[in-house]
Amino acid sequence: MRGYLAYLRAAIQVGVVYRLGFLFTVIGNVLYMIIAYFLWRSIYAGKTELNGLTFDQAFLYIALGSTVFILLKTYADWGMAQEIRDGTISICLAKPIDYQLYTLFTTVGFSSTSLVTVTLPTVLMLAFVFRINAGIGPGYLLFPVSLALAFLISFHFDYLVGLTAFYTESIWGISTSKDIIISVLSGALLPLQFFPEAVQRILMVLPFQAIYFTPLMMVTKPDQSVSVFLPQLGIQALWVLATYAACRLFYNRAIKVLRVAGG
């Protein structure tokens, strides 16, 4: 485990180097929050509630959703594709490490910099600038657990797409399609309550809602009973196990077709 922590520290150090990139990310996120605030103010004009959400709840969901999207975008698929193209994956496979764990700890390192530079400032702005109040409840305590499970599911999807590079080398089309599908069907762009009921029932049985909708609703409506949140965490845990198993099975097949021309 100590060796994987070294990869995590290295990823954090690399992430800290690109300060200008994070600065533009923070500025872009602040502008998005300001635009979203006035947009949803106009949507809620004369209304106290829409689809079971107050303005504060809807704006909190949208604003926090943008930062969670940055946090959960692991880019593991792009990193794996690059390692396959330039042949450096042969170095990783020659070491006595688990390639999936190595990739996971590396992405956790990069994401932890986003947590400090993007997510925390956004939370402070929501509390002290926009003065959003969604209530108090157990949802806040369970949110970090739900977010960690959501990160693992998101990572597993990215890892699965990265494994396709063993066959295709280029993953641009596959990765872009994956991002679009998850963004639309997971509730990352819009709370699922704003979808038609028939569509909601379909989306709730898919794994994508466990990535964004579940953790965001724990913060949006934190005052619900623990008995409401625990089954949601259970569903997330099941999807973590299912996607992990899919990653292992696909890796065992994909590694057999690996061809390294560089390195």
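The crossing of α6 and α7 is right-handed (the near helix is turned clockwise from the far one by less than a right angle) in this predicted model. Their axes, lines fitted to C-alpha atoms over the stretch in contact, come within 11 Å and cross at roughly 120°, on a scale from 0 to 180 degrees between N-to-C directions. The two helices, α6 and α7, are therefore oblique to each other, as angles under 35 degrees count as roughly parallel, over 145 as roughly antiparallel, 65 to 115 as roughly perpendicular and the rest as oblique. Helices are DSSP runs (H or I, at least four residues) numbered from the N terminus.

The second largest pocket has a volume of about 290 Å³, taken as the space filled by probe spheres set on grid points joined across faces, edges and corners. Among its 15 lining residues, Leu 60, Leu 64, Val 123, Tyr 140 and Val 219 are the closest to the centre. A pocket is an open set of points on a 1 Å grid over the protein atoms alone, where a 1.4 Å probe fits, with protein on both sides within 12 Å along at least five of seven lines; lining residues have an atom within 4 Å of a point. At least two lining residues come from each of α3 (55–72), α6 (99–128) and α7 (139–163), and α6 gives the largest share, six residues.

Mean pLDDT, the predictor's confidence in each residue from 0 to 100, is 86 for the chain, with 92% of residues at 70 or more. Residues are numbered from 1 along each chain as its sequence is written. Local features need pLDDT of at least 70, side-chain atom pairs count only at pLDDT 80 or more, and totals for chains, interfaces and linings use all residues, while side-chain values use heavy atoms, with hydrogens and water left out.
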